[in-house]
Amino acid sequence: MDNPRYEHDNEKQQNSTVINGNLQLNYDSVNNDAVLTVNDVGSSKLDSNQKATFTQHTKDTCANNLTIFIKRKLFILQWIPTYSGDDFLGDLLAGITIGLTIIPQSMALASIVGIPPQYGLYSSFVGTFIYLLFGTSKVVPMGPTAIVGLLINNTIGTRGSAYATLLCFLTGIIQTLMSFAGLGIIVNFISVPVSSGFTSASAILIITSQVKDLIGVKGGGGNLLKMVRSILDHISNISMGDTAMGFACIAAVMLLKAFSTTRIGPKEEELQTLWQKYVNKTIWAIGAFRNSFIVIVCSIICYWYIHKTNHDITSDLPPPIPFKIIGKIPYGLPQFQWPEFSNNDKSFFDMIFFMGSGIIVIPLISLLENISLCRTFAEGKPVDTDQELLAIGLANLGNSFFQGFTGSGAIARGALNYSSGVRTPLGGLYTGLAVMAALVYLTPYFYYIPKTSLAAVIITASFMMVDVNMVKHVYRSKRRDLVLMLITFFSCLFLPLEYGVLIGFVANVGFIMCSAAKPKISIQVQKNHDGIKYLLLTPDRYLIFPSMEYVRQMITKHGLALGIPVVIDGSSIFEADFTTANVFAMMSQDFSKKGQFLYLFNLKSSVANVFKGIKNCNIFLCANKDELDELLRKHFGPSQIQEQYQNETIWTSKV
C-alpha cells in the first residue's frame with residue numbers, strides 16, 4: 001500500500017470518504033472538489049413546458065417555505081387549530097388569577113424601578129398580548145419582574161420613566177435581533193450555579209430595597225452596602241404605622257401561603273368527595289389571591305382613616321394618616337406613542353451612554369429568567385430559546401410604545417399560572433384584559449393602597465428566590481461550582497448588579513476554557529500483532545486552540561522520551577481547528593528528526609479535512625487499525641523491531 005500521508009503539494013492528493021464509520025483514503029482525483037458530470041447536449045436544451053414546470057415548482061417552493069417560516073415564528077398557528085372548550089375554561093380561570101396577582105405586584109415592582117406605580121400597570125398588558133402570538137410556553141405571564149426591575153433601577157438611576165421606556169425599546173430591539181441571529185444559545189453558557197448565585201443575591205437586594213417603603217423612610221443605592229447605609233441614615237424618621245402594617249402584611253402573606261398547602265380528605269383528588277374538592281379549591285384560591293387580599297384589606301383600612309379625617313383626596317397634599325399611600329394614579333389606558341429618543345437637554349446618544357452596560361445585560365437577564373421559567377415547566381419538551389427571544393423581544397418592543405418598562409416571565413407568577421391550570425399561552429389574553437379593566441375602572445381606588453403593603457408583597461415573593469438548599473447540593477456535587485456560585489453571589493451583592501452578572505458570566509466562561517485547555521489524554525504503550533511497539537494517545541474531547549499547547553507538551557514529553565512511533569487515536573476527537581493541524585504538523589517534524597513517525601487514525605472526516613490545509617506535513621493518516629498495522633510494518637522491518645524493542649514492558653497512563 002502507498003504511503004497514505006498528506007504531502008500538500010500539486011501532486012495527486014488523497015480523498016477521504018466515510019464508509020461504515022471509518023475514514024477511507026483513495027487517490028481517485030487530483031483535488032477534493034466534487035465533480036458532477038452531465039450530458040451537456042441533453043441538459044442544455046429544455047423545452048418550454050419543462051421551463052414552465054420548473055418556474056412553477058420554484059414559486060410553489062418559495063411559497064411553501066414562506067408558509068413554514070411564518071408558522072414557525074407565529075407560534076400560535078401551531079396550537080390554535082386544536083383549541084377546545086376545556087382549553088378556554090382553563091385559560092380563562094388562570095388568566096384572571098394571574099391578572100388579580102399582577103395588578104398589585106406590577107405597581108410594587110414600579111417602585112423597585114423608581115418610577116410611579118401606574119407604569120407597572122402599563123407594562124403588564126401589551127406584552128401579554130404579543131407573547132401569546134409568538135411565545136412557546138403556556139406558563140409565561142409576560143410582565144414586570146423583580147430582578148429585571150432592580151437592574152433597570154441600577155441602569156437608569158433617578159432619571160425617570162422616559163429612560164425606562166427607552167431602555168425597554170432598546171431591549172426589545174436587541175432581543176429581536178439576537179433571535180434572528182440565533183444567539184439564544186448564549187444562555188447555555190450560564191450554568192445553574194451562576195444563575196442561582198445571581199438570583200439569590202438579587203433577592204437579597206430586592207428585599208433590602210423594599211425595607212425603606214416597609215418602614216416608611218427614604219432610601220436608595222445601587223448595591224447592598226449603599227442601600228443599608230441609606231436606610232440607617234434615615235432610620236430616625238421611621239413610621240411606626242407603616243412598620244406595624246408592613247410586618248403584619250408579611251406575617252399574613254406567609255400564613256396564607258402556608259394555609260394554601262392544607263388539604264382535607266385523601267391526597268388523591270379522584271378519591272375526594274365533591275365537598276372536599278370544593279373546600280380544597282377554596283383553600284387554594286385563598287392562597288393564590290393572598291397578595292390581592294392583603295392589599296385590599298390594607299386599602300380599606302387607609303380608606304377608613306382618610307375619610308375619618310375628611311381629607312380632600314383631590315388635593316396634592318398627603319393625607320394626615322400614619323401610612324404612606326400611593327396617591328393619585330392617572331385614569332385610563334396609556335396612549336400609543338414613541339419612546340423619547342431625547343430627554344430635556346440630553347440627546348439619544350447621551351441617554352445611551354448614561355445607561356451603559358445595562359443595555360446589554362438587561363436583555364440577557366430577561367432572557368435567562370424567561371428560559372428558566374420555560375424549562376422548569378416544559379414537561380420534558382425542548383425549549384426553543386431563539387423563539388422565546390423573539391417573543392419577549394417583540395413584547396418588550398410593544399410595551400415601549402405604551403410607556404412600559406422591560407419585563408419577562410416571572411418564576412413565581414409562572415408557578416401560579418401552572419397550578420391554576422393554564423392550558424395554552426392564550427391565558428395571557430385574559431391577564432392583559434384584567435389589567436386593562438383595572439386601569440379603566442379601578443384607578444380611583446388605587447389611591448388608598450399603602451406603600452408598605454406593596455413592599456410586603458415583594459419581600460415575601462423574594463424570600464422564595466433565596467435558594468439556600470442549592471449551596472448544599474452544589475457542595476456535595478462539585479465544590480468548584482460552589483466557588484463559581486459564591487463569586488457571582490458576592491459580586492452581585494457588593495458591586496452594581498450588572499457588573500456582578502458580567503463577572504459571574506466571565507468566571508463561568510473562564511472555568512469552561514480552563515477545562516477545555518487541559519483535556520484528559522489516555523496514554524498507553526502497545527504492541528501490534530507484528531510485535532511493533534508504539535505510543536497510543538487517546539484525547540477525550542475537542543482538540544481546539546486553547547488546549548493545543550497542553551496536548552503538545554504531553555505528546556512530545558512521552559513520545560520523545562520513549563523514542564517509538566506515536567499514534568493518536570481520533571475516535572473521541574469530534575472537532576479540530578487550524579491551530580490543531582498546525583501544532584500536529586510541527587510535532588511531526590520534530591518526531592521525524594528523531595527517526596520517529598506520527599500517525600493519526602479513526603478520525604472523523606470533518607477532522608481529517610482540517611489537516612489538508614497544512615503544508616510540509618509529515619503526518620500519516622490511517623483510516624483504521626489494519627491500515628495502521630500495515631504502515632508500521634512498512635516503516636519498521638524485522639531488524640528495526642528487534643533493535644528498538646528490547647524492553648517488553650507495556651504501560652498505561654492517564655493525564
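1. Let's start with how surface is counted: accessible areas come from the Shrake-Rupley method with a 1.4 Å probe, and for residues only the protein chains shown count as cover. On that basis the chain exposes about 32000 Å², and carbon and sulfur atoms supply 61% of it.

2. A word on what you're looking at. This is a predicted model, in which local features need pLDDT of at least 70 and side-chain atom pairs count only at pLDDT 80 or more, while totals for chains, interfaces and linings use all residues. Residues are numbered from 1 along each chain as its sequence is written, and side-chain values use heavy atoms, with hydrogens and water left out.

3. Now the overall build. The chain has 28 helices and 10 strands; helices (H or I, at least four residues) and strands (E, at least two) are DSSP runs, numbered from the N terminus. Of its 655 residues, 48% are buried. Here "buried" means under 20% relative accessible area, "exposed" means over 50%, and "partly exposed" is in between (1.4 Å probe, protein chains only). Take the contacts (heavy atoms within 4.5 Å) with a separation of 6 or more: residues 24 or more positions apart account for 77% of them.

4. Ala94 lies in helix H4 (residues 85-113) and counts as buried, because its relative accessibility is 0%. Which residues is Ala94 in contact with, leaving aside its neighbours within four places in sequence? They are Asn417, Ser420, Gly421 and Val422. Ala94 and Gly421 are 327 residues apart along the chain, yet their C-alpha atoms are separated by 6.1 Å.

5. On to charges. Side chains of opposite charge can pair when their charged atoms come close. A salt bridge here is a side-chain nitrogen of Lys or Arg within 4 Å of a carboxyl oxygen of Asp or Glu, and the structure holds three of them. One joins Asp87 and Arg423, with the closest N and O atoms 3.2 Å apart. Asp87 is in helix H4 and Arg423 in the loop between helix H17 (411-419) and helix H18 (427-441), so this pair ties together parts that are 336 residues apart in sequence. Asp87 is buried at 10% relative accessibility, whereas Arg423 is partly exposed at 42%.

6. Another salt bridge brings together the side chains of Asp242 and Lys324 (3.9 Å, N to O). This pair also links distant parts of the chain: Asp242 sits in helix H11 (residues 240-259) and Lys324 in the loop between H13 and H14, 82 residues apart. Is Asp242 buried or exposed? Asp242 is buried, at 1% relative accessibility, while Lys324 is partly exposed, at 40%.

7. Lys212 and Asp213 make a salt bridge too, at 3.4 Å from N to O. Both ends are tucked under the buried cut-off: Lys212 has a relative accessible area of 16%, and Asp213 has 17%.

8. Next, the aromatic rings. A pair of aromatic rings is described by the distance of the centres and the angle of the planes. Rings of Phe, Tyr and Trp (its six-membered ring) pair if their centres lie within 6.5 Å; planes under 30 degrees apart count as stacked, over 60 as edge-to-face and the rest as tilted. By this rule there are 24 aromatic pairs. Look at Trp304 and Tyr305: their ring centres are 5.4 Å apart and their planes at 85 degrees, so the pair is edge-to-face. Trp304 is partly exposed at 49%, and Tyr305 is partly exposed at 29%.

9. Trp338 and Phe401 are edge-to-face as well, because their ring centres are 5.0 Å apart and their planes at 85 degrees. Trp338 is in the loop between helix H13 (290-308) and helix H14 (348-355), and Phe401 is in the loop between helix H16 (385-400) and strand E4 (408-409), 63 residues apart. Trp338 is exposed, at 55% relative accessible area, but Phe401 is buried, at 13%. Both belong to a cluster linked by ring pairs, which also includes Phe125, Phe129 and Phe169.

10. Finally, a surface feature to find. Leu66, Phe69, Ile70, Leu77, Ile80 and Phe180 form a nonpolar patch with about 520 Å² of accessible area together. Patches are made of residues with over 30% relative accessible area and no salt bridge, with like charges joined within 9 Å and nonpolar side chains (Val, Leu, Ile, Met, Phe, Trp, Tyr) within 5 Å. Helix H2 (residues 48-73) supplies the largest share of the patch, three residues, and Leu66 lies in this helix.
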